[in-house]
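Please keep the structure in view while reading.

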Amino acid sequence: MKIQPLEVPLGPERDSAWETALAQLDEAAELMGLAPGVHEILRTPKRALIVSVPFRMDDGSTRVYEGTRVHHNVTRGPAKGGLRFHPMVGLDETKALAMWMTWKCAVVDIPFGGAKGGVAVDPKNHSRAELERMTRRYASEILPFIGPERDIPAPDMNTDEEIMAWIMDTYSQNQGYSVPGVVTGKPVSIGGSKGRGGATSRGVMYMLFATLKRRGLGIEEVSVAIQGHGKVGGFLAQLLHDAGCRVVAISDVEGGVYKERGLDPEAINRHKREAGSIVGYPGADPITNEELLEVDCDCLIPAAIESVITVKNADRIRARVVCEAANGPVTFEADRILQERGIFVVPDILVNAGGVTVSYFEWVQDIQAYFWTEDEVNDRLRLIMEKAFDEVYELALAKDLTMRQAAHWIGVGRVAEAHLTRGLFP
Ligand code: NAD
């Protein structure tokens, strides 16, 4: 596996998610000798939609936000990807996230392309009723873009199963009949899949354990730090704690806590429910989000936002393994520093693919109107992810690549093969 001195000096840091995504694709294309025409096609999203989202506030005034929906690639199947509500989300970030979705679906070999959507809103500034009106208007604006055969949104940062239910209802009202397969990550009562809520976290756990096994480390020997205490990071902390890992640090956007002997995720959840943040949790030391990334631990799991490990802090990361639960948490240049320092990075497009894998199961169940048990979902998820891990690991060994290069090689390779098989239209 490639842990070598850098051959090319580091250039100025490309720290936007889109620049990182492009640099990763270009590197994979060069390593695998990708046909230039296909490489060029894959560098640009297939289509991108920008919409205006006007909606009524509770006080009767009107507010307008910008929304986007990007389809990076649909060659292997319908576009698939989350919907993010965040004040800073823009077209470039959405393009990057859509591109990563294309590779992610291909790495775990499910028949989807890549998409992503966003609305530049801070949900904290709105009532639930305002968010519902805003979501329904956004869904109406992107209606021609989505559908079970076209593009299937799912939850991402600051979006949840209730928001998916509003989109499913808005779409279905327009069709005149129920269309559960238009979104995934929706409540089980309207066609959601059992096990979807925890699927991304469960997949991260499978990938962490597969890594530990290959590196000869026992689950109960390792300490873990997790950045982000949302849908992914919060449940992951609980899963890892229950499996016997020592979760020494965890944070949310406000800040974090550290305890060398290990935190109790259940007590942290209780504190967060009462206080609104994990900050102020008694019995542990307060730390900042920057400090969390640099704590002394075996495994660091960024599970919040992109570009948090950069050239500015890559030298100070002390973990032996970085397992990317968030999308794009390490910039392209920072990745090379981690690699040079011998830190084993397991990439996002493999690590967090559990969510889209169970989204695929949900879509299959909706189309067949035949639903599985939670054990069936979890067992099939584990099989798919462990197989993908082994394929990436073996390729990395065989070709002397990093895990990220190997994952991109496989993901990009499968999409390229589909392009070449279908041929260029017209
Ligand atoms: P979420 O909104 O449920 O939680 C995000 C967490 O990150 C919260 O605890 C928030 O307080 C924290 N956070 C936000 N900004 C931060 C900052 N600047 N610094 C530190 N912490 C910050 O989102 P989520 O669904 O848990 O997604 C987290 C990451 O995982 C994202 O990168 C997302 O794209 C990725 N992801 C999510 C899924 C999924 O199924 N939800 C699937 C694949 C990948």
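How many cavities of 30 Å³ or more does the structure hold? In this model, which is predicted, there are two cavities of 30 Å³ or more.

The second largest cavity has a volume of about 50 Å³, and its lining consists of E27, F332, D335, R336, Q339, T402, R404 and Q405. Sorted by class, that lining comprises four charged, three polar and one nonpolar residue. Two helices, helix 10 (332–340) and helix 14 (403–422), each supply at least two residues of the lining, and helix 10 gives the most, with four residues.

Helix packing is the next topic. Two packed helices are described by the angle between their axes and the distance between the axes. For helix 1 (residues 17–32) and helix 3 (residues 91–107), the angle is about 35° and the axes are 7 Å apart, and helix 1 passes helix 3 in a left-handed crossing. On the side of helix 1 the contact is made by A17, W18, T20, A21, L22, Q24 and L25, while helix 3 brings D92, K95, A96, M99, W100 and W103. By class, the contact of helix 1 with helix 3 has nine nonpolar, two polar and two charged residues.

The accessibility of several individual residues is set out below.

| Residue | Relative accessibility | Class |
|---|---|---|
| S223 | 6% | buried |
| I410 | 13% | buried |
| S307 | 22% | partly exposed |
| P54 | 24% | partly exposed |
| D109 | 39% | partly exposed |

S223 is placed in strand 6 (residues 223–227), and it counts as buried because its relative accessible area of 6% falls under the 20% cut-off. When neighbours within four places in sequence are left aside, S223 is in contact with R246, V248, C297, D298 and C299.

I410 belongs to helix 14, the helix that also supplies at least two residues of the lining of the second largest cavity. Not counting residues up to four places away in sequence, I410 touches V107, E391, V392 and L395. The C-alpha atoms of I410 and M32 are separated by 9.5 Å, although the two residues are 378 residues apart along the chain.

P54 is found in strand 1 (residues 47–56). Its contacts, with neighbours within four places in sequence set aside, are R63, V64 and R137. P54 and E66 are twelve residues apart in sequence and, from C-alpha to C-alpha, 8.7 Å apart in space.

Where does the backbone call for a closer look? D109 has a phi near 60°, a positive value in a residue other than glycine, and D109 lies in the loop between helix 3 and strand 4 (113–119). S307, which is not a glycine either, has a positive phi of about 55°, and S307 is located in the loop between strand 10 (299–302) and strand 11 (321–323). A cis peptide bond, with omega about 0°, joins F425 and P426, and P426 sits in the segment after helix 14.

Definitions and conventions:
Residues are numbered from 1 along each chain as its sequence is written. This is a predicted model: local features need pLDDT of at least 70, side-chain atom pairs count only at pLDDT 80 or more; totals for chains, interfaces and linings use all residues. Side-chain values use heavy atoms; hydrogens and water are left out. On a 1 Å grid over the protein atoms alone, a cavity is a set of points where a 1.4 Å probe fits but cannot get out, and a pocket is an open set with protein on both sides within 12 Å along at least five of seven lines; lining residues have an atom within 4 Å of a point. Grid points are joined across faces, edges and corners, and a volume is the space filled by probe spheres set on the points. Ala, Val, Leu, Ile, Met, Phe, Trp, Tyr, Cys and Pro count as nonpolar, Asp, Glu, Lys and Arg as charged, and the others, Gly among them, as polar. Axes are lines fitted to C-alpha atoms, for helices over the stretch in contact, and angles run from 0 to 180 degrees between N-to-C directions. A crossing is left-handed if the near helix is turned anticlockwise from the far one by less than a right angle, and right-handed if clockwise. Contact means heavy atoms within 4.5 Å. Buried means under 20% relative accessible area, exposed over 50%, partly exposed in between (1.4 Å probe, protein chains only).
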